[in-house]
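Hi,

Here is the structure I promised to pass along. Have a look at it first, and then read on for what turned up.

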Amino acid sequence: MTDLLRPPFGNFTAAHRALDVADQLARPVAEALRGWREQEAAQAVLYVDSEPDKADTAVFCQAYDVAADVSANCVVVAAKRAGTTTFAACLVLADSQVDVNAVVRKRLEARKASFAPMDTAVTESGMEYGGITPVGLPCGWPLLIDAAVAAAPHVLVGSGRRRGKLILPGAALALLPGAEVVTGLAKS
């Protein structure tokens, strides 16, 4: 049995330490939390249950009374250079967009960068569409985090599945493997 916790925002019936309910998370997310070198940060990650049909950001925020400025979207980007495609994840607050053409392309030293197609993002990340999260990304993927996300006291992100979300300090996200905080990653 796990202790119920109070989430810092939103209208959720309960929150649990994500490590205590790892069976509710996508496999790569659960493994990443268990193996995270920053165990204090891993212990701070909360899991809140939610309905899968409400996973999309706008619907989720309205249904669970979560402001867009505490909800972050994780998108997978495909960067191409010299015939090679590499993947990266970008994390920005839900009320903004990733600047793929300028900031991401330059940061990844790519000739071309674009959002990865949905089926590619799902296959490469091992997570469900609508639940892709920065926790548990494949080894070697860069994780570009907008400075506003890293500065937030708490941020809501996916759990790797459409059901449920994670809440954690923005500063903890900056401690994830491959993470780089980037000023100006988001555009309004």
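In this predicted model, aspartate 146 has valine 182 in β10 as its bridge partner. That pair belongs to the contact between β7 (residues 143–146) and β10, two parallel strands joined by four bridges.

Both strands sit in an open, five-stranded sheet with mixed pairing, and its order reads β6-β3-β4-β7-β10. The edges are β6 (112–115) and β10 (179–182); each has a single partner strand, so one side of each has no neighbour in the sheet. On average, neighbouring strands here are turned by 30 degrees against each other, direction ignored.

Helix α4 (residues 100–107) lies across β3 (72–81), β4 (84–93), β6, β7 and β10, and runs at about 120 degrees to β6.

Aspartate 99 is placed in the loop between β5 (97–98) and α4. Is aspartate 99 buried or exposed, and which side chain of opposite charge is nearest? Aspartate 99 is buried, and the nearest such side chain is that of lysine 187, 4.5 Å away. A salt bridge needs a side-chain nitrogen within 4 Å of a carboxyl oxygen, and aspartate 99 has none. Leaving aside residues up to four places away in sequence, aspartate 99 touches Val104, Gly184, Leu185 and Lys187.

Lastly, helix α1 (residues 27–35): its buried residues are Pro28, Val29, Ala30 and Leu33. These buried residues pack against α2 (39–44), α5 (118–125) and β9 (165–168).

Technical notes:
Residues are numbered from 1 along each chain as its sequence is written. This is a predicted model: local features need pLDDT of at least 70, side-chain atom pairs count only at pLDDT 80 or more; totals for chains, interfaces and linings use all residues. Side-chain values use heavy atoms; hydrogens and water are left out. Two strands pair if DSSP finds at least two bridges between them. Axes are lines fitted to C-alpha atoms, for helices over the stretch in contact, and angles run from 0 to 180 degrees between N-to-C directions. Contact means heavy atoms within 4.5 Å. Buried means under 20% relative accessible area, exposed over 50%, partly exposed in between (1.4 Å probe, protein chains only). Lys and Arg count as positive and Asp and Glu as negative; His and the chain ends are not counted.
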